[in-house]
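Please read it alongside the sequence and the coordinates.

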Amino acid sequence: MTLAATELAFRAASVALLLVLAASLLSDFRNVLAARLGAAFALGSAAHAASYSIGVSSLVLIWHAPLIALSTGNIVVFWLFTRALFDDEFRLRWWHGLICAAVTAFSFVGCLWIAPGGNARFSVTAVNLIVLGFIALAVVQTIGSWSADLVERRRRLRVVIVCAAALYGGLNALLQILVAFSASDVADTINTGVLACIVAAIAYAMLRVDGADLFPIAPEPAPAIAPIQPLAEDSDQKLIDALMRLMADERIYRQENITIGVLAGRLRIPEYRLRRLINQRLGYRNFNVFLNNHRIEEAKAALADPSQAEVPVITIAMDAGFQSLGPFNRAFKAVTGVTPTEYRRLKTSAA
């Protein structure tokens with residue numbers, strides 16, 4: 001088999017796998033933001049598999065330019081996908097679409113006007129620096145929120161996505177900057193082979209994970225004290241009781257920078273076991289949401305207390321364990337549907 005035929009086979013395999021993955025996500029989880037973004041990322045990656053080459057020239061065919069532009073804009077979709085997949089409270093904003101459109105448009109202009117105008121090196125370098133920037137952003141955010149994730153299978157998937165997508169994307173961006181104009185057909189064939197293997201690994205990893213772990217259909221429980229599931233083992237029930245005492249009596253959630261490791265230390269159990277208890281027995285997918293719901297319950301009681309009617313909202317928020325007013329307002333409204341000030345007014349009117 002010639003190099004050209006081998007490269008074509010690898011590209012076709014990657015595109016087929018990505019299309020199957022996108023169809024599977026849209027078929028089973030079309031109403032879930034993370035799944036829709038995952039499908040969009042898979043389709044953008046299919047455009048990448050069909051169009052990407054390490055070796056480039058200053059002349060790009062008109063039909064090829066849209067594929068290259070979509071492939072470049074897909075790095076923004078990758079960033080948004082990782083946000084939505086690992087942050088159940090993430091929501092798309094209008095400016096996310098604006099960023100994606102701007103990156104795609106810049107790549108398209110680079111293909112048809114900047115590179116042919118004698119600035120191919122600038123165009124290639126600028127586009128790939130943008131790619132490296134969004135990869136770095138996705139990696140930092142994925143690692144930064146890893147410790148608060150209570151869904152064990154999803155935590156393991158972070159490693160696959162970060163290592164596979166980030167290393168492949170980062171390496172290719174660097175190769176484009178350094179050797180794009182001197183790459184050989186062998187390098188392109190090796191690259192497409194590696195891409196096919198990575199796509200297969202990601203598809204295999206995602207399809208092995210329970211969809212309910214990745215894409216929750218229902219939101220997290222709003223009350224701070226979630227109903228405990230029946231039939232717990234005696235040892236688990238004792239740990240849950242001890243955890244609830246720490247939250248209700250000692251109000252440990254008020255401590256600054258409290259982590260699940262600190263909480264596990266207080267309970268004298270391994271961190272992984274506490275994660276499993278909070279996730280499987282109390283119904284939470286994120287440790288910060290678990291803490292914040294307890295904080296919000298305390299804040300609700302203070303806001304409804306007539307004797308604290310003159311206490312500023314920021315004081316109540318910080319007493320409950322929040323570090324600033326903005327996160328408190330957002331978390332409070334997500335749970336109650338109203339702002340803290342509106343909640344206080346409603347309780348005052350009812351009294």
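Which residues of helix 1 are buried? In this predicted model, the buried residues of helix 1 are Thr6, Glu7, Arg11, Ser14, Leu18, Leu21, Ala22, Leu25 and Phe29, where buried means under 20% relative accessible area, exposed means over 50%, and partly exposed lies in between, for a 1.4 Å probe and protein chains only. Because the model is predicted, local features need pLDDT of at least 70 and side-chain atom pairs count only at pLDDT 80 or more, whereas totals for chains, interfaces and linings use all residues. Residues are numbered from 1 along each chain as its sequence is written, and side-chain values use heavy atoms, with hydrogens and water left out.

## Overall fold

The protein contains 14 helices and 0 strands, helices being DSSP runs of H or I with at least four residues and strands runs of E with at least two, numbered from the N terminus. Taken along the principal axes, the C-alpha atoms fill a box of roughly 75 × 45 × 35 Å. Of the 351 residues, 46% are buried. Among contacts (heavy atoms within 4.5 Å) with a separation of 6 or more, 75% are accounted for by residues 24 or more positions apart.

## Helices 1 and 2

Helix 1 comprises residues 3-29, and its 27 residues should span 39 Å at 1.5 Å a residue, which agrees with the 39 Å between its end C-alpha atoms; the expected span is 1.5 Å times one less than the number of residues. Helix 2, residues 33-51, has 19 residues and reaches 27 Å from its first C-alpha to its last, close to the 27 Å expected. Helix 2 is also mostly covered, with 15 of its 19 residues buried.

## Packing of helix 9 against helix 10

Two packed helices are described by the angle between their axes and the distance between the axes. For helix 9 (residues 260-267) and helix 10 (residues 271-281), the axes come within 9 Å and cross at roughly 100°, the axes being lines fitted to C-alpha atoms over the stretch in contact and the angles running from 0 to 180 degrees between N-to-C directions. Helix 9 contributes Ile260, Gly261, Leu263, Ala264 and Leu267 to the contact, and helix 10 contributes Glu271, Leu274 and Arg275. These residues divide into 5 nonpolar, 1 polar and 2 charged, where Ala, Val, Leu, Ile, Met, Phe, Trp, Tyr, Cys and Pro count as nonpolar, Asp, Glu, Lys and Arg as charged, and the others, Gly among them, as polar.

## Aromatic pairs

A search of the whole structure finds 9 aromatic pairs, for which rings of Phe, Tyr and Trp (its six-membered ring) must have centres within 6.5 Å; planes under 30 degrees apart count as stacked, over 60 as edge-to-face and the rest as tilted. Two of the pairs are tabulated here.

| Pair | Centre to centre | Angle between planes | Class |
|---|---|---|---|
| Phe287 and Phe290 | 6.2 Å | 35° | tilted |
| Phe328 and Phe332 | 5.6 Å | 55° | tilted |

Phe287 and Phe290 both lie in helix 11 (residues 287-304), 3 residues apart, about one turn of the helix, and both are buried. Phe328 and Phe332 both lie in helix 13 (residues 325-336), 4 residues apart, again about one turn, and both of these are buried. An α-helix has 3.6 residues a turn, so residues three or four places apart point the same way. Ring pairs also link Phe322, Phe328, Phe332 and Tyr343 into a cluster.

## Individual residues

Leu214, in helix 7 (residues 211-214), is buried, with a relative accessible area of 2%. Leaving aside its neighbours within four places in sequence, Leu214 is in contact with Leu85, Arg154, Leu157, Met206, Val209 and Arg285. Leu214 and Arg153 are 61 residues apart in sequence and 8.3 Å apart in space, C-alpha to C-alpha. Cys163, by contrast, is found in helix 5 (residues 152-179) and counts as partly exposed at 39% relative accessibility.

The loop between helix 8 (234-248) and helix 9 holds Arg251, and Asn257 is found in the loop between helix 8 and helix 9 as well. Arg251 has a positive phi, near 50°, in a residue other than glycine, and Asn257 has a positive phi of about 60° although it is not a glycine. Arg251 counts as partly exposed at 35% relative accessibility, whereas Asn257 is exposed, with a relative accessible area of 63%.
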